[in-house]
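Dear colleague,

I am passing on the two-chain file that we spoke about, and my notes follow directly below it. Please read them with the coordinates open beside you.

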Amino acid sequence: MLHLPSLSLPLLAAVAAQAAQLALQAPRVTVAAVDGSQLLSEQIPLGHALPAPVALGPKDSLKLTFQVVQSGSQEPVQPHQTFIHFYDETTGEEGVQPVKVNANGKAKFELNMARPPSSLPPTGDTPLKVSLFLGSFVHDPAKYDLFDLAIPGSAPVAQHPEAELFRPRAAIYHTFRPEPKIPPVAISGIFTCAVLAPWLALLGLWAAVRPTVPHLFSPNILSFSMSLAGMEGLLLWYWFELRLGQVLLYGALMAIPTFFTGKSALASIAARRLGQK
Amino acid sequence: MTRRDPTGPPARASSQAATPTAVQSLWKAYIDTTPARLKFIDAFLAFLVLSGVAQFVYCILVSSFPFNAFLAGFASSVGQFVLTASLRIQVNPENRTLYKTVSPERAFADFAIGSVVLHFFVFNFLG
């Protein structure tokens with residue numbers, strides 16, 4: 001069932017194609033010198049371009065005339081778009097020149113090399129390929145290769161004043177600071193002992209002072225001490241393993257018992273201090 | 001309050017000095033009059049000073065290579081010294097008139113909270 005529409009489409013297209021096709025009638029190219037003498041006048045054969053390239057001097061002028069008709073009935077047609085296309089095959093440069101076609105299908109295009117149109121692309125040594133593009137809403141599009149055009153080479157394109165800025169620059173080689181070296185093990189060992197020695201001094205001084213802590217192991221104070229030790233242990237665990245969100249969460253949770261045990265412990269100490277006083 | 005002896009401490013170790021220097025009498029007064037608990041805190045302060053000095057000397061002499069580690073360690077010594085010093089001032093019974101609104105227990109609670117926060121930041125920076 002699906003094949004029938006797909007088969008019918010090309011059929012319909014073929015029918016439609018037969019109905020509306022454009023044709024060129026009497027295409028003629030004429031080259032005149034600056035003094036008016038005719039250098040070349042040729043009819044372009046239907047279906048293919050002129051065999052020899054048309055040469056234009058720096059002051060010559062070229063004239064192209066043709067008439068657009070409907071193929072088959074030979075009625076004149078004014079297509080909606082008519083362009084002359086200049087194409088350089090070696091460099092890929094191209095230019096497009098719109099051409100005005102009258103209501104009776106007749107068109108004339110003049111090109112004067114003394115004042116060339118801006119649609120001529122930059123040219124080098126190879127002749128330009130000139131073709132005619134016809135576009136219409138009601139007809140099939142048509143393209144006709146007309147002739148090769150050999151014109152004097154164009155001046156080189158002026159470089160944009162800022163083109164230098166966009167060229168690749170010299171490669172940048174960064175010099176980085178050398179990696180910091182770890183000091184020798186002996187020195188690290190000596191200074192480790194030097195930094196840990198104050199702990200010994202602290203223990204010695206505390207042993208010499210021996211403050212009395214009569215109620216260190218009473219439940220209040222012991223639980224407060226344990227809560228504080230728990231907070232410090234949490235921080236140590238954070239150093240090894242935990243992430244920030246976790247330590248903040250656990251810290252907030254640990255802070256609750258610490259707060260309450262602290263309140264009760266310090267209140268009992270204060271009561272004892274004031275009671276003795 | 002002792003008059004300063006211009007000749008300095010006597011060289012003979014066998015006999016006691018007749019007029020002790022200001023430093024010696026200060027030290028004797030300190031040992032005699034300071035309560036044991038304050039001396040306990042003072043021992044901790046001395047430890048913190050020694051610890052900070054040791055780290056600083058290492059940084060200058062050898063290398064500041066893990067600079068964040070040096071900063072964390074040094075800041076922990078200094079910060080803990082500041083907190084402990086303020087605790088000592090506030091719990092000293094002789095300063096009770098200066099701190100009528102802050103009881104020693106409140107001072108200790110502040111010290112504990114401040115220490116935990118300091119340790120948190122130090123461990124963050126230690127790396």
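In helix H4 of chain A, the buried residues are Val247(A), Gly251(A), Thr258(A), Thr261(A), Gly262(A), Ala265(A), Leu266(A), Ser268(A) and Ala270(A), and the partners against which these buried residues pack are helix H3 (219-240) of chain A together with helix H4 (104-126) of chain B. Please bear in mind throughout that this is a predicted model.

The geometry of H4(A) can be checked against its length: with 33 residues (244-276) at 1.5 Å a residue, the helix should span 48 Å, and because its end C-alpha atoms lie 45 Å apart, the two values agree.

On confidence, chain A has a mean pLDDT of 86, with 93% of its residues at 70 or more. Within chain A, strand E5 (residues 81-87) has the highest confidence, at 93, whereas helix H1 (residues 3-19) has the lowest, at a mean of 58. Where pLDDT is low, the predicted coordinates should not be read in detail.

As to the overall make-up, chain A contains 4 helices and 9 strands, and its elements run α-β-β-β-β-β-β-β-β-β-α-α-α from the N terminus on. Of the 277 residues in chain A, 29% are buried, and the accessible surface of the chain comes to about 18,900 Å², with 65% of it belonging to carbon and sulfur atoms. Among the contacts in chain A between residues at least 6 apart in sequence, 62% join residues at least 24 apart.

Chain B, by contrast, has 4 helices and 0 strands, in the order α-α-α-α from the N terminus on. Here 33% of the 127 residues are buried, and the accessible surface is about 8,100 Å², of which carbon and sulfur atoms hold 69%. For contacts in chain B between residues at least 6 apart in sequence, the share joining residues at least 24 apart is 59%.

The two chains meet through 32 residues from chain B and 32 residues from chain A, and the area buried between them is about 2,800 Å², with 80% of that area given by carbon and sulfur atoms. Phe47(B), Glu105(B) and Phe123(B) supply 23% of the area that chain B buries against chain A, which is more than any other three residues supply.

Leaving aside residues up to four places away in sequence, Thr84(B) touches Ile41(B), Phe44(B), Leu45(B), Leu48(B) and Phe111(B). Thr84(B) and Leu48(B) are 36 residues apart in sequence, while their C-alpha atoms are 9.6 Å apart in space.

Finally, two backbone angles in chain A deserve a look. Ala26(A), found in strand E1 (residues 22-32), has a phi near 50 degrees, a positive value in a residue other than glycine, and Ala26(A) is partly exposed, with a relative accessible area of 43%. Gln74(A), placed in the loop between strand E4 (61-70) and E5, has a phi near 60 degrees, again positive in a residue other than glycine, and Gln74(A) is partly exposed at a relative accessible area of 42%.

With best regards

Key. Residues are numbered from 1 along each chain as its sequence is written. Chains are lettered from A and ligands numbered from 1 in the order in which they are written. This is a predicted model: local features need pLDDT of at least 70, side-chain atom pairs count only at pLDDT 80 or more; totals for chains, interfaces and linings use all residues. Side-chain values use heavy atoms; hydrogens and water are left out. The expected span of a helix is 1.5 Å times one less than its number of residues. Buried means under 20% relative accessible area, exposed over 50%, partly exposed in between (1.4 Å probe, protein chains only). Contact means heavy atoms within 4.5 Å. pLDDT is the predictor's confidence in each residue, from 0 to 100. Accessible areas come from the Shrake-Rupley method with a 1.4 Å probe; for residues, only the protein chains shown count as cover. Buried area is the accessible area (1.4 Å probe) that two parts lose on being put together, summed over both.
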